[in-house]
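Trainee: I would like to learn how to read the pockets of a protein model. Please take me through them.

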Amino acid sequence: MADDAAGTKLGDRMTTGFTIAIDGPAAAGKGTISKAVAAHYGFAHLDTGLLYRAVGARVLIGDDPIEAATTLQPTDLDRDDLRTAEVAQSASKVAVIAEVRAALVDFQRAFARRAGGAVLDGRDIGTVICPNAQVKLYVTASAEIRAKRRFLELTAKGQMTTIDEVLADVKARDDRDMNRAEAPLKPAKDALIIDTSDLSIEEALKVALDEIASQT
Ligand code: CDP
């Protein structure tokens, strides 16, 4: 990458910070695309959903959500149960609370500004956290396809569930995430929308990398 034109220009801007914001609903492929984009450019990657999942997990063990968000520790992000469907639902419930979101803003913005470039994925990165990000992508897919992908992920990790249960979870979370008052999930006006319903990972990644190259 370093020796092509886009890479060189991107390299020049890395010292001043270069932010790629990737938003979208559950299991649309934004995590996979974000990791691959970050690896491609050597940027740092933050999965902001993990912050909300960590708060949600603390609430499941009895903590107050605002207290959990304001006292969140790096060790909270190391728990190995953060990827369960139960924690995902709890995350989307705490994510409607304005004070929870406010407590997580500074960390996310500081991460976005780091020298060397950053990719952040979540729900409100292009709209609220980094409205000035140089590149904004909104990765989506039909609810049925997303549920099928998430079902395969969860069962591969040994979690017991059914497609119908996962589809209901995905739809409940979409509804809560898109219709909340604080930072609802929606594409930023200047985001490129990538519908991955009929795309392979390689195809979706190519669309993302072409868009990034066109913005540098
Ligand atoms: O991996 P998946 O897309 O299923 O979910 P996630 O990115 O880990 O996010 C879990 C939940 O956290 C979402 O359903 C949102 O309610 C919330 N979230 C948010 O509100 N804002 C973000 N920037 C990231 C996640």
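**Pockets and ligand**

Mentor: By class, 15 nonpolar, 12 polar and 17 charged residues form the lining of the largest pocket. Ala, Val, Leu, Ile, Met, Phe, Trp, Tyr, Cys and Pro count as nonpolar, Asp, Glu, Lys and Arg as charged, and the others, Gly among them, as polar. This is a predicted model, where local features need pLDDT of at least 70, side-chain atom pairs count only at pLDDT 80 or more, and totals for chains, interfaces and linings use all residues. Residues are numbered from 1 along each chain as its sequence is written, and side-chain values use heavy atoms, without hydrogens and water.

Trainee: What takes the space of the largest pocket?

Mentor: The ligand does. A molecule sits in a pocket if more than half of its atoms lie within 2 Å of its grid points. A pocket, on a 1 Å grid over the protein atoms alone, is an open set of points where a 1.4 Å probe fits, with protein on both sides within 12 Å along at least five of seven lines; lining residues have an atom within 4 Å of a point.

Trainee: Which residues are closest to the ligand?

Mentor: Lys30, Arg53, Arg150, Arg173 and Asp177 are the closest of the 18 residues that surround the ligand. A residue is near a molecule if one of its heavy atoms lies within 4 Å of it. For polar contacts, look for pairs of N or O atoms within 3.5 Å. A polar side-chain atom of Arg150 is 2.7 Å from a ligand oxygen atom, and for Lys30 the distance from a side-chain N or O atom to a ligand oxygen atom is 2.8 Å.

How values were computed
A polar contact is a pair of N or O atoms within 3.5 Å; within protein, one must be able to donate a hydrogen and the other to accept it, and residues adjacent in sequence count only if both atoms are side-chain atoms.
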